[in-house]
2 protein chains.
Amino acid sequence: MNSNIIFLNEKLNALEFLNSYSSLFIIMDENTEIHCLPILINNFDKFNYNLIKIRAGEEFKNLNSCEFIWGNLLSNFVDRNSCIIALGGGVLCDITGFCASTILRGIDCVYIPTTLMAMADASIGGKCGVNFKNFKNQLGSFKLPISILIYPPFLNTLNQRHINNGSVEMIKHCLLEENITSSILQRIENMKDPHSLSSELKKSILFKNKIVNKDFKETGLRKVLNFGHTIGHAIESLFLSQKKDALHGECIAIGMICESFISSQLYGWKPEILQTIVQILHEYTNGHNFEKSDFVDILMNLKHDKKSKNLTIGFSLLRELGYPVVEIEVTEPLIIKSLEFYSN
Amino acid sequence: MNSNIIFLNEKLNALEFLNSYSSLFIIMDENTEIHCLPILINNFDKFNYNLIKIRAGEEFKNLNSCEFIWGNLLSNFVDRNSCIIALGGGVLCDITGFCASTILRGIDCVYIPTTLMAMADASIGGKCGVNFKNFKNQLGSFKLPISILIYPPFLNTLNQRHINNGSVEMIKHCLLEENITSSILQRIENMKDPHSLSSELKKSILFKNKIVNKDFKETGLRKVLNFGHTIGHAIESLFLSQKKDALHGECIAIGMICESFISSQLYGWKPEILQTIVQILHEYTNGHNFEKSDFVDILMNLKHDKKSKNLTIGFSLLRELGYPVVEIEVTEPLIIKSLEFYSN
C-alpha cells in the first residue's frame, strides 16, 4: 500500500498512466480553476475527462460539497474504472479523497496539490474527510491516492503568507528528522529561497511518506507527525470560534512553540535549543495571540480532540531534536505553563 | 482480513470480547427494538452502551439516516476505541457498516443480523452502503465487521415470506457449490424444515465467507456470487419504480430463472436440469411477473447497473451446476429470450 509520488517536470509528462481509466473527473475550486487548470488542461485533451467545480474554503468542507460531487459523478456515468483527480489545496484533496473512497465502494483517485501545505503535508498519507456539524474532520476514511503529482511551478501562484503556511509543516518534518541545530537552520534558510524550496519540499515529502508507509493507520509511529498539533488544533478551534483569520500552519507554529516548551521541561533541553526553535517558529505565527481568559476554552478543545481515548490526551513530543516520542501524558498545569510561555 | 463469525448458543456467551471497547453503540430500528432487543439486552448490562434507533425500511437507507447516526455518535463521545453494533436486517447492517467505516476514519463494528437474508448473505462479506438520490447502493465502502454474531432463535420472529426471501440466497449458494441434483433438492428440503434450517444456514454462511475471503474487493472469483443478480437487480428496480411490493429475494429468484435459462442456452444444459431449477425457484418468486412492455425498462436498468464497465455488462453464470463462470458477455436478443422464458 503506497502512493506513487511523481515530481512533474515542466513538460508534465508522466500522465500516461491515466490512459488506463475509462473516464476522469477533475475536481477543482474557483481558485484553481483560474490559476492552475489553464497550466495543465492541454495535457488532458487526449483523455475523456469531466470538470467538477466546488466552492473554495474550509467552510465548504462538508457533506453538501460531497453530495454535489457524488451527484455529478453518478449523473456522468462514473464507473469502477473511472479516476477522480483533485486539483487544489488540502481542503479540496480531503473532500476528493473522501468522495473517491465512498463512491461505488471506492474508486481510484489522484491528487495534484496546488499549495505548499497540500504538497508537503495534506496530500501525503491518505487521511481524508470532511467536517460534520461542529465536529472538525470527524467523517472520513484512510484512502491512499494512486498517485500524487507534485508540480513545483504551482508555488509561483501563492503569496508569501501561504508559502509560510506550508513551510510550518516542512519545519515540523525537519525537527522530527534532524538532530543538529545548524542543519535545521540551513534547511529553514533553504525553504525561504525560491530556488531551493522545491528540493527542500522533496525531502520533506519523502520523509513524511516514509513514516506513513510504516504505520498507515496511525497505531504507533505515525503519531510522531502530531507534534505541535495537539495544542495547535485546540488553538485553531479557538480562533475559528473567534472568527480570527488564522491559517492552519500559523496555529501549528504556535502549537509547536508550546509543545517544544513542554518537551524542554520534561526532557531537560538546553535553554539555547528551546530559544532557537522558538525564534524560528515565531516568524510563522503571523503575530496571532490569545488571552489568559482563553485558556479554559483551549483546554476544553484539547479534551474534544478526536485523538483523545477515554478522555486522556496523548501528546507527541520531542525528547530532543530528531528524537520524537508519542503518547506522552502531560499534566494540565504544564499545558497551562506552555500557554503562558507563548502568550506572555 | 476476515470477520469472526460466531454462532451463538441460547446462552449468548461469546460476547466477552466486547469488554475491550471504551463504549458500544447499538443501532436498531423500530422492529428489532420490539422483537430482538429484549432477547439480548440483559447481556449488555455489564457494558457501557448507547442505543440509537433509526427508521426501518429500504426507503430510509440514505444519507439522512447516516447523518442521524453520525450526529448521535459524536454527541455521545464516540472515540476510536468505540464499537458500533448493528441489530437488524440487511438494510440496517448496510447503513451501520457505512457509518462505522466513515466515522473518525473508521472504527470497529459488529453485526447481529436478525433476518435470514441478513444472516445468509447481507451481513457476510463487508459490502456496505446506502442509496443516493435514485442511485441504489452507490455510496458505500468495503468494511468487514470484526464479528458477525448469528443467533438462530431470531428466525422464529420471521414470517414465512421473509424466510423464503433469505432462502433464495441460500439456494444460490447451493447451486454454486453443488453439482448433483439430488444433493441440491435435499438441501432445499432441509431449508424448508425449521429443525434443519439452521444447520443449512451455517453451511451457506461458511460457503459465502470462503469466497469473499479469497477475493474481498471483488476483482474476480467473488463475482460468482452475482449469479441471478444482474437481471434480478434490473427487475427489482423495475418493480420499485412500479411501487410493487416485491422483496429482494423474490426478484433474485426471477433473476436466477432467467440466468439459468441463459446458462442452459450457452452451455447446453440438459433440459431436465433447467426444468428442475426453474421449478424450485418458481416457489420463491411470490408470483411476481412483468409484461413485454417492461422489457425496455429492464434492459435500461441493466445498463445502469454499477457492475457495468464501459457500458458492457458482464454476467455471472453457471457452466453447469456447481461450476460458476464470470464476466460472460450476453447478447441483447438472448437476454430478451430469457425474459420471455420467465414471463410467458
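## The open sheet of chain A

Let's start with the sheet in chain A: six strands in the order S1-S8-S5-S4-S2-S3, open and paired in parallel. Its edges are strand S1 (4-7) and strand S3 (49-54) of chain A; each has a single partner strand, so one side of each lacks a neighbour in the sheet. On average, and ignoring direction, neighbouring strands of this sheet are turned by 20 degrees against each other. Please keep in mind that this is a predicted model.

One pairing is worth a look by itself. Strand S2 (residues 24-29) and strand S4 (residues 83-88) of chain A run parallel and are joined by four bridges. Here A:Phe25 has A:Ile84 in S4(A) as its bridge partner. H4(A) packs on the sheet, where it touches S2, S3, S4 and strand S5 (108-113) of chain A. The direction of H4(A) makes about 170 degrees with that of S4(A).

## Where chain A meets chain B

How many residues of chain A are in contact with chain B? There are 27 of them, and they meet 27 residues of chain B. On the side of chain A that touches chain B, the elements giving two or more residues are helix H3 (63-75), helix H4 (90-102), strand S6 (127-132) and strand S7 (135-142) of chain A. S7(A) provides the largest share of that side, with six residues. Sorted by class, the side of chain A that touches chain B has twelve polar, eight nonpolar and seven charged residues.

## A hairpin in chain B

Over in chain B, strand S6 (residues 127-132) and strand S7 (residues 135-142) pair in the antiparallel sense, with five bridges. Within this pairing, B:Cys128 stands opposite B:Ser141 of S7(B). Two residues lie between the strands of the hairpin, and B:Lys133 has a positive phi there, near 50 degrees. S6(B) is mostly covered, as five of its six residues are buried.

## Two packed helices in chain B

Helix H7 (residues 181-192) and helix H8 (residues 194-214) of chain B pack with their axes 6 Å apart and at an angle of about 120 degrees. From H7(B), the contact involves B:Arg187, B:Asn190 and B:Met191, while H8(B) brings B:Ser196, B:Leu197 and B:Glu200. By class, this contact of H7(B) with H8(B) is made of two nonpolar, two polar and two charged residues.

Is H10(A) enclosed or open? Of its 20 residues, 17 are buried, so H10(A) is largely enclosed by the rest of the structure. After H10(A) comes A:Gly268, whose phi is positive, near 60 degrees.

A:Glu259 belongs to helix H10 of chain A. Why does A:Glu259 count as buried? It has 26 other C-beta atoms within 10 Å, and the cut-off for a buried residue is 20 or more. Leaving aside residues up to four places away in sequence, A:Glu259 touches A:Phe227, A:Gly228, A:Thr230, A:Ile231, A:Phe315 and A:Leu317. A:Phe135, 124 residues from A:Glu259 along the chain, has its C-alpha atom 24 Å from that of A:Glu259.

Methods: Residues are numbered from 1 along each chain as its sequence is written. Chains are lettered from A and ligands numbered from 1 in the order in which they are written. This is a predicted model: local features need pLDDT of at least 70, side-chain atom pairs count only at pLDDT 80 or more; totals for chains, interfaces and linings use all residues. Two residues are in contact if their C-beta atoms, placed from the backbone, lie within 7 Å. Ala, Val, Leu, Ile, Met, Phe, Trp, Tyr, Cys and Pro count as nonpolar, Asp, Glu, Lys and Arg as charged, and the others, Gly among them, as polar. A residue is buried if 20 or more other C-beta atoms lie within 10 Å of its own, exposed if 12 or fewer, and partly exposed in between; C-beta atoms are placed from the backbone. Two strands pair if DSSP finds at least two bridges between them. Axes are lines fitted to C-alpha atoms, for helices over the stretch in contact, and angles run from 0 to 180 degrees between N-to-C directions.
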